[in-house]
Amino acid sequence: MLTLVPFVVAVVRRCGVPERDVPDVTQEVWIAVLPWWACRPAAELAAPEGHLRGYVRVVAVHRAIGYRRRLARRGEHLGW
């Protein structure tokens, strides 16, 4: 899974998450992926045609969309 961290960061950035929030959204992605990943056999996850990368991409896009919706709904106040 750690080899996919740069992939997740790139997907989240591509979906329009501001740079300051990329680590938070990336962490949300891994928290969401972990239960799915934990119940898969190791051979399935290691296979080149495995579903890990595709599943992680879908979760990353959904988390980024959710982040942007929350941001639009609540607004952002950068007060000092």
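Helix H1 (residues 5–14) packs against helix H2 (residues 22–38) at an angle of about 120°, and their axes lie 10 Å apart. H1 is therefore oblique to H2. In these terms, angles under 35 degrees count as roughly parallel, over 145 as roughly antiparallel, 65 to 115 as roughly perpendicular and the rest as oblique. Axes are lines fitted to C-alpha atoms, for helices over the stretch in contact, and angles run from 0 to 180 degrees between N-to-C directions. The structure is a predicted model, in which local features need pLDDT of at least 70 and side-chain atom pairs count only at pLDDT 80 or more, while totals for chains, interfaces and linings use all residues. Residues are numbered from 1 along each chain as its sequence is written, and side-chain values use heavy atoms, with hydrogens and water left out.

H1 passes H2 in a right-handed crossing. A crossing is right-handed if the near helix is turned clockwise from the far one by less than a right angle, and left-handed if anticlockwise. From H1, the contact is made by Val5, Val8, Val9, Val12 and Arg13. From H2, Val22, Val25, Thr26, Val29 and Trp30 take part. Contact means heavy atoms within 4.5 Å. The residues of this contact of H1 with H2 divide into eight nonpolar, one polar and one charged. Here Ala, Val, Leu, Ile, Met, Phe, Trp, Tyr, Cys and Pro count as nonpolar, Asp, Glu, Lys and Arg as charged, and the others, Gly among them, as polar.

Thr26 lies in helix H2. Thr26 is buried, with a relative accessible area of 7%. Buried means under 20% relative accessible area, exposed over 50%, and partly exposed in between (1.4 Å probe, protein chains only). Leaving aside neighbours within four places in sequence, Thr26 is in contact with Val8, Val9 and Val12. In H1, the buried residues are Phe7, Val8, Val9, Val11 and Val12. Their cover includes H2 and H4.

H1 also packs against H4, at an angle of about 35° and with the axes 9 Å apart. This crossing of H1 and H4 is right-handed. Phe7, Val8, Val11, Val12 and Arg14 of H1 meet Arg53, Val56, Arg57, Ala60 and Val61 of H4. The residues of the contact of H1 with H4 divide into seven nonpolar, no polar and three charged.

The axes of H2 and H4 come within 9 Å and cross at roughly 135°. H2 and H4 are therefore oblique to each other. Their crossing is right-handed. On the H2 side, the contact is made by Val25, Glu28, Val29, Trp30, Ala32, Val33, Trp36 and Trp37. On the H4 side, it is made by Leu52, Tyr55, Val56, Val59, Ala60, Arg63, Ala64, Tyr67 and Arg70. The residues of the contact of H2 with H4 divide into 14 nonpolar, no polar and three charged.

Helix H4 (residues 52–74) has 23 residues, which at 1.5 Å a residue should span 33 Å. Its end C-alpha atoms are 33 Å apart, in agreement. The expected span is 1.5 Å times one less than the number of residues. The buried residues of H4 are Leu52, Val56, Val59, Ala60, Ala64, Gly66, Tyr67 and Leu71.

H1 is followed by Gly16, whose phi is positive, near 95°. Pro18 is found in the loop between H1 and H2. Pro18 is partly exposed, with a relative accessible area of 22%. Pro18 and Arg68 are 50 residues apart in sequence and 9.5 Å apart in space, C-alpha to C-alpha. Arg40 is found in the loop between H2 and helix H3 (42–46). Arg40 is partly exposed, with a relative accessible area of 29%. Arg40 and Leu52 are 12 residues apart in sequence and 9.6 Å apart in space, C-alpha to C-alpha.

Over the protein chain, the secondary structure comes to four helices and zero strands. Helices (H or I, at least four residues) and strands (E, at least two) are DSSP runs, numbered from the N terminus. Along the sequence, the chain follows the pattern α-α-α-α. Buried residues make up 31% of the 80 residues in the protein chain. Among contacts between residues at least 6 apart in sequence, 63% join residues at least 24 apart.
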